[in-house]
Amino acid sequence: MKNFQKIFYSIFAIYVFSCSSENLDAPFKVSSPNNSLIATVSLDSGLPYYSLTFNGTPIVDRSRLGIKTDKLIFSDQLEVIKVKRRSKDKSWKQVWGEQKIIRDNHNELELTLLCKVEKNKMILRFKIFDDGIGFRYEVPRQNQLSEFTILDELTEFNLSEDSPSWWIPAYAYRRYEFLYAKTLISEISRDKFSELVENLNGPRIGPEAVQTPFTTQRKDGTVVTIHEANLANYSSMALKATGTKNLECDLFPWSDGTKVKTSAPMKSPWRTIIVGASPSDIVMSTLTLNLNEPNKLSNTSWIEPGKYIGIWWEMIGTNQSTWGSGPHHGAKTEKVMKYIDFGSEHGFDGVLVEGWNNGWDQNWCCNGEGEDFGFYHPHPDFDHKLVRNYAKEKNIRIVGHHETGTQIENYESQLDSAFAYCKRNGIRVVKTGYVNDGSKNIKRTGADGKIYKEWHHGQYMVEHFRKVLETAAKYEVSIVVHEPIKDTGLRRTYPNMVSREGARGQEFNGFMGINDNNKPNHTTILPFTRLVSSPMDYTSGIFNLTEYRYFAPDNRKINLNHQIPSTISKELALYVVIYAPIQMAADLPENYTGHPAFQFIKDVPTDWEHSICVDGEIGEHITMVRKDIASDDWYLGSISNEKGRELLISLSFLDSDKKYNATIYRDPESGGWKKRPEEVVIENRYVDSSTELNIILPPGGGQAIRFTPEG
Ligand code: NOJ
Ligand code: CA
């Protein structure tokens with residue numbers, strides 16, 4: 001057995017040690033189990049601070065802690081009145097995931113702080129793992145305090161080095177759906193983003209800030225990712241830029257300017273700093289999941305990983321069908337049945353049907369409301385009973401679609417009926433969508449009857465997304481969210497939260513022309529930024545990479561201004577690089593029929609026993625390997641940015657007592673995203689754990705491999 005397997009399968013053990021007689025004089029130190037990370041918490045004239053070192057090198061310099069509320073003081077004039085320490089080493093099982101067993105091994109420091117003036121209490125809790133640190137604020141139940149408002153969170157992240165960082169702006173009209181900018185931390189600004197990536201014309205509402213996960217890499221190679229875990233009943237954290245290497249917690253405000261409306265007892269989300277000696281370490285981090293609560297669903301048998309095809313790319317990509325009714329309506333009964341036939345023939349689990357419900361004709365993107373924009377009334381072209389029965393017969397599940405148009409109140413008023421409809425009709429997975437919110441454009445009716453506009457990442461929406469997830473769970477439906485709130489690990493608590501978009505996905509290669517679509521380096525940045533919080537519904541697998549888009553459904557001329565900046569081999573590799581328990585094969589069935597590379601999409605699993613990032617540089621390249629949960633097969637995905645490169649990959653992860661047949665799907669050596677992107681070389685060779693594999697990736701290319709043990 002390999003060493004890492006031994007670790008993962010080590011006896012589930014837990015030990016707890018607590019001590020309340022510790023000296024109450026700051027500073028307080030807490031170190032990770034292997035002592036590589038050390039956090040120090042100090043008090044200076046009643047103000048709390050923390051700092052962090054990695055292998056003795058400062059990573060985060062002294063940074064402020066505290067929250068400002070409308071009631072009591074939780075930020076200054078504080079003293080420590082109690083110290084508790086605990087340690088834990090316990091493994092737990094995922095319902096599905098990148099790996100079956102996750103080890104939670106950390107040391108904990110709990111400081112109870114008293115405000116000397118008002119005598120109120122707050123707990124500062126730190127958990128420190130070998131892959132990073134999490135800390136949060138807890139306001140316990142106490143006299144005189146029930147409801148209160150957080151006006152500001154004072155947490156700072158004063159990074160010790162002004163290092164290159166990969167970021168997308170917060171408070172911008174397209175939420176998370178941007179390409180990444182790379183600048184020094186001190187250079188973060190909207191103007192810089194407009195200069196480097198995309199013009200962010202438009203009103204500047206909100207501070208200069210970036211979304212999390214935010215990643216930076218120091219000169220010595222150390223990678224630091226700042227994010228949050230277990231975001232619940234709170235507002236999302238962006239990071240405010242200061243023109244220096246210091247970042248500040250910036251909570252998306254309510255329309256009245258306050259940050260969080262809450263009551264005691266309260267726990268903030270965990271502020272997390274993931275630290276790795278290399279980019280690959282960051283990809284392997286399990287900190288976010290370890291800081292979420294265990295699974296709350298007693299029965300999870302209805303949550304099934306799998307792959308789906310769907311009526312989607314023909315609207316968003318090729319532009320030959322429409323969501324709304326008319327001669328080109330996509331979700332017509334006969335067409336859905338053809339997709340079901342194709343899916344069933346090729347072993348898919350699901351068929352996504354978008355544009356199945358009424359309300360899509362003129363309303364879905366803007367003003368849809370009420371029954372006219374309903375989630376349980378099928379379109380007249382879509383015979384849902386026939387489709388339901390046919391899908392069942394063919395062992396296919398229909399993946400439903402709830403495009404809310406961000407009409408939150410309308411959707412919430414139909415939530416129960418919408419998911420009850422799913423349950424009645426055998427719909428076990430629903431893709432939800434929140435287009436057209438303009439980021440701070442979400443209508444909410446206040447208690448005074450007035451309409452207020454909220455941020456997509458504010459507390460109002462954090463609570464909305466959770467409500468949808470909980471309602472879906474009640475009806476045994478899993479959710480794939482497009483235009484979601486960011487992922488902070490909630491999938492551990494609600495494993496029906498199977499996937500989400502939350503970044504620029506393949507769709508941009510559909511509706512954007514060659515100047516504005518995804519660039520080849522985009523998918524080499526995602527694993528080290530957005531995917532640190534995983535999974536993502538990127539929708540890989542486009543085979544027709546050129547000459548695919550029509551000017552309009554009734555204009556059958558091909559628009560040559562569109563090209564997917566990828567190769568077929570890279571599209572295959574993305575199934576291994578980008579993790580999701582539910583993955584789409586996004587292209588049209590006709591582009592897969594008879595194509596030899598389609599076999600890889602049919603074979604590749606979506607639930608894994610182990611995953612390893614064997615190599616990677618942010619924005620350059622990445623190679624992931626994963627072991628199937630249901631067999632002894634391993635899969636490899638390797639991708640490159642605009643540059644071609646040659647990598648030597650050791651196959652030491654394979655079982656040492658087996659020989660494997662490797663089925664390799666690769667670009668021709670002189671190919672790449674600009675030259676012959678649709679050519680795939682498929683070859684077989686025998687390998688074992690001592691093999692060093694030479695992987696040649698042409699510019700913008702990729703390679704996908706299935707390793708099957710002999711015998
Ligand atoms: C945007 C989503 O990302 C896409 O997948 C969906 O098809 C459209 N909105 C319509 O809901
Ligand atoms: Ca989207």
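Biologist: How many of the 10 residues of helix α12 (residues 568-577) are buried?

Modeller: This is a predicted model, in which local features need pLDDT of at least 70 and side-chain atom pairs count only at pLDDT 80 or more, while totals for chains, interfaces and linings use all residues. Residues are numbered from 1 along each chain as its sequence is written, chains are lettered from A and ligands numbered from 1 in the order in which they are written, and side-chain values use heavy atoms, leaving out hydrogens and water. Buried means under 20% relative accessible area, exposed over 50%, and partly exposed in between, with a 1.4 Å probe and protein chains only. The buried residues of α12 include Ile568, Lys570, Glu571 and Tyr575, and the helix is largely enclosed by the rest of the structure because the count of buried residues is 10 of the 10.

Biologist: How many strands does the protein chain have?

Modeller: Helices (H or I, at least four residues) and strands (E, at least two) are DSSP runs, numbered from the N terminus. The protein chain has 14 helices, and its strands number 41.

Biologist: What is the radius of gyration of the protein chain?

Modeller: The radius is taken over C-alpha atoms, and the globule rule is 2.2 Å times the number of residues to the power 0.38. For 711 residues a compact globule would have a value near 27 Å, and the protein chain agrees with this at 25 Å.

Biologist: Which residues touch the most other members of the largest nonpolar core?

Modeller: A nonpolar core is a set of buried Ala, Val, Leu, Ile, Met, Phe, Trp, Tyr and Cys residues joined through side-chain atoms within 4.5 Å. In soluble globular proteins, nonpolar side chains tend to be buried together. The largest core here has 178 residues, and those touching the most other members are Phe126, Phe157, Ile273 and Phe419.

Biologist: Which residues are included in the second, separate core?

Modeller: This second core is separate and has 18 residues. Among its members are Ile612, Phe653, Leu693 and Phe707.

Biologist: What is the relative accessible area of Ala172?

Modeller: Ala172 lies in the loop between β13 (164-167) and β14 (181-184). Not counting residues up to four places away in sequence, Ala172 touches Phe178, Arg190, Leu200 and Ser439, where contact means heavy atoms within 4.5 Å. Ala172 is buried, and its relative accessible area is 3%.
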